[in-house]
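Hi everyone, thanks for coming.

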Amino acid sequence: MNPVYQEKYQKERGKPFPIGPQNVGFAQASAEALCKLPTTARPVVNAQDTKVPDGYTVEAVMAGISLPNDLTFAPDGTLFVLEGGSSWPTRPYMPARIIRQRPSGEVDAIQMDIEGGPRGIAYRDGELYISIKGGYFTRIVKYNLETGQLTTLIDQLPNGGWHEPGGPVFGPDGLMYFGQGSVSQQGVVLPQGFMVDMAKHPTAHDVPGQDITLTGHNYWSHDPLAPFPYLVETGGFKPFKTPAQAGEVVPGQRFCSSGVWRSKPDGTDVELLAWGVRNPFGMAINEGGALYVSDNDLEEYGHRAVAQDPDRIWHIKNASQPFGSVQTPDWYGFPDICADGLPVDHPSHVPIKGEAAKPILKDPPPWAGPAAYLEKPHSAMAKMAFCPSDAFGFKGDLFACEWGTMAPLNTPRQEALTHGFKVIRLNVETGQAEDFFTNQSPGPASALKNGGLERPVACQFSPDGRSLYVLDFGVAVIKNGTLLAYAHTGVLWKITKTA
Amino acid sequence: MTDSTQNPVVLVELDEANWNRFLDRAARWFDNLLVVQSSYRQLLEDTAGKIAEFHIRAYLQEMAEQAKAHEQQIDRLYHIIGRDPSTIRQGLGTLLGKADQVVGDLMAASSGLAGPWQDLHQLYLSCTNTLSAFGVAEQLGLALGLPEIIDITFPVQLDKGRDQRLLQEFALEMAGLSILYRQAF
């Protein structure tokens, strides 16, 4: 970490940031208002353009949301929708806030002044637990809805790079579960993500969850922060421009990247359950206490490219062990093993775009796979929820959002262009899944030129168990070789069983 | 089965009053953008006329043509949000005169150098200013869910990114000649 930043961080880390209720321009409107929205990126929202199984109905209940990431409910039915501030990509930078809709219909917002933005939210006993990305570390904080007090629970999860926090979620054991994705996109900090990461966090790097030995395979790249394009060499688990040595041992840390943890609700007694999970953005626990985590595939481009790595859902088996008893975290493969269990340099994973990846770890830990579910590459699996009630049907099944591909940015394969953009229903015991909420044709509404589903990012069941709420991130398109996300285009969909 | 809702929908900042407030504020930024871009275009034209070296002069003249086109694109930005640029255009002459004065003051304070190097250096800074101003306009388009704005600002920024590098290069190439040798070019 840069020394000046480190000094300031140590001074500031315990201090709360500004957060509190704020008036925002909300309006109740009739459904006709959705036919002519002022956002030309998404001028129409129309449930008729979507598809759910027979016996269910879908309606849009909120529109104009900006870059949302998550939602949660209080037991009384109060709804909290999290707007991520700066998310994917980092701009536009919108207010980071929580839209609150009370059972009476009254709406207000809780706004926070924080670099980066919130990514996950959970309600528990009158407090909101929030994961926040920004700076060199991800934080977990809690906000008391009655007193307005903000408390930092966790502030040491290595970040400053590409991937996201996961959770927090609470299990039936009352413990808090959370995650943090990898700092690097592909196992090595290289100039293939948004360059702002390198400018903001020039010394960020991945941290292993166990002692590892490096192969010394390094990667040459240009330095986008230098005035002249001379090449620099970078190794895995190293800051940019720092090569690794063959046989070098990197000590494992409890607060690693690509990790999944649990702790008491006050953030104490943190226990590392797993690492090597590239992007554990979606986390869900069923009634039996089994923890499942969604994860995204390695990309097929750049200096360490990997082809056809499936998206996946992992069963984090260590979550079933007694609290405090996990001595060795399980390893789920990042940065060297694909979700199908094959190494990144296997012939089936040789890229047609980019430089083929080589292993970073010498004698890696045992792989904790296989995955509970494999999905098509670049589906961008996101947040998930277990169905808690027969009132909706499919009790115990896992409903998983698929944000949708970033192709052709991250793969040249044409078939990837329509992967994702839907919600699936998965039986975690059998591994069988089927589409539950989709458009009438594959792909996002903006490509289909209709009013349907865009990019599902999170889902939650209402406290009465009758409805599934699906949070739609809004329009994010790949154009001119970059990702453009449009604020005020997010939608909240409500799916209810009718028969 | 799908169905359109009959229940009320919550609109977040999309109601007419709120949206118009956003658009009015965006229009005020476009005013800034127009002033900055017009000032840059005028400085380009003036500086090109002061430079004797053929290659640099030709590059600047080409940039000036492009700057005119970029300036015209700003009118389209106003139209996208249903606003009229005529008021700010009427006051543009006065504003540009003030901008010139600022440039002149800066030059007077900087070492009494002869020749067009100071103009060139000022041009580099002015180009950076316009690049930033178009970048801000792009952020407003993204924030308001209006891709038509990005369709304009994105290619302009690509042009300006290249121009900025070129102007930086010329300003740095000619710095030694101008500052140490006090030579014009």
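This is a predicted model: local features need pLDDT of at least 70, side-chain atom pairs count only at pLDDT 80 or more; totals for chains, interfaces and linings use all residues.

Residues are numbered from 1 along each chain as its sequence is written, while chains are lettered from A and ligands numbered from 1 in the order in which they are written.

A word on how to read those names and angles. Helices (H or I, at least four residues) and strands (E, at least two) are DSSP runs, numbered from the N terminus. Axes are lines fitted to C-alpha atoms, for helices over the stretch in contact, and angles run from 0 to 180 degrees between N-to-C directions.

Back to our pair. The crossing of H2(B) and H6(B) is left-handed, a label used if the near helix is turned anticlockwise from the far one by less than a right angle, with right-handed used if clockwise. Who makes the contact? From H2(B), the residues include B:Ile56, B:Tyr59 and B:Met63, and from H6(B) they include B:Ile149, B:Ile152 and B:Phe170. (Two residues are in contact if their C-beta atoms, placed from the backbone, lie within 7 Å.) By class, this contact has 10 nonpolar, three polar and four charged residues. Here Ala, Val, Leu, Ile, Met, Phe, Trp, Tyr, Cys and Pro count as nonpolar, Asp, Glu, Lys and Arg as charged, and the others, Gly among them, as polar.

One more helix pair: H5(B) and H6(B) pack at about 160 degrees, axes 9 Å apart. So H5(B) is roughly antiparallel to H6(B), and their crossing is left-handed. The residues of this contact split into 16 nonpolar, 10 polar and three charged.

Over to chain A. Its secondary structure comes to three helices and 35 strands. With a radius of gyration of 21 Å, close to the 23 Å that the globule rule gives for 499 residues, chain A is as compact as a globular protein of that length. (That radius is taken over C-alpha atoms, and the rule is 2.2 Å times the number of residues to the power 0.38.) The C-alpha atoms fill a box of roughly 65 × 50 × 50 Å along the principal axes.

So where do the two chains meet? The contact takes 27 residues from chain B and 48 residues from chain A. On the chain B side, the elements giving two or more residues are E1, H1, H5 (117–143) and H6 (147–173). The residues on that side divide into 15 nonpolar, eight polar and four charged.

E1(B) sits in an open sheet of six strands, ordered E2(A)-E1(B)-E4(A)-E35(A)-E32(A)-E31(A), with mixed pairing. E2 (26–29) and E31 (456–461) of chain A stand at the edges with a single partner strand each, so one side of each has no neighbour in the sheet. The twist averages 25 degrees from one strand to the next. Two strands pair if DSSP finds at least two bridges between them. E1(B), residues 9–12, pairs with E4(A), residues 56–65, in the parallel sense over two bridges, and A:Ala63 stands opposite B:Leu11. On the other pairing, E2(A) runs antiparallel to E1(B) over four bridges, with A:Gln28 opposite B:Val10.

A:Val141 has A:Thr152 as its bridge partner. Five residues lie between the strands, and A:Gly148 takes a positive phi near 80 degrees.

Notes. Angles under 35 degrees count as roughly parallel, over 145 as roughly antiparallel, 65 to 115 as roughly perpendicular and the rest as oblique.
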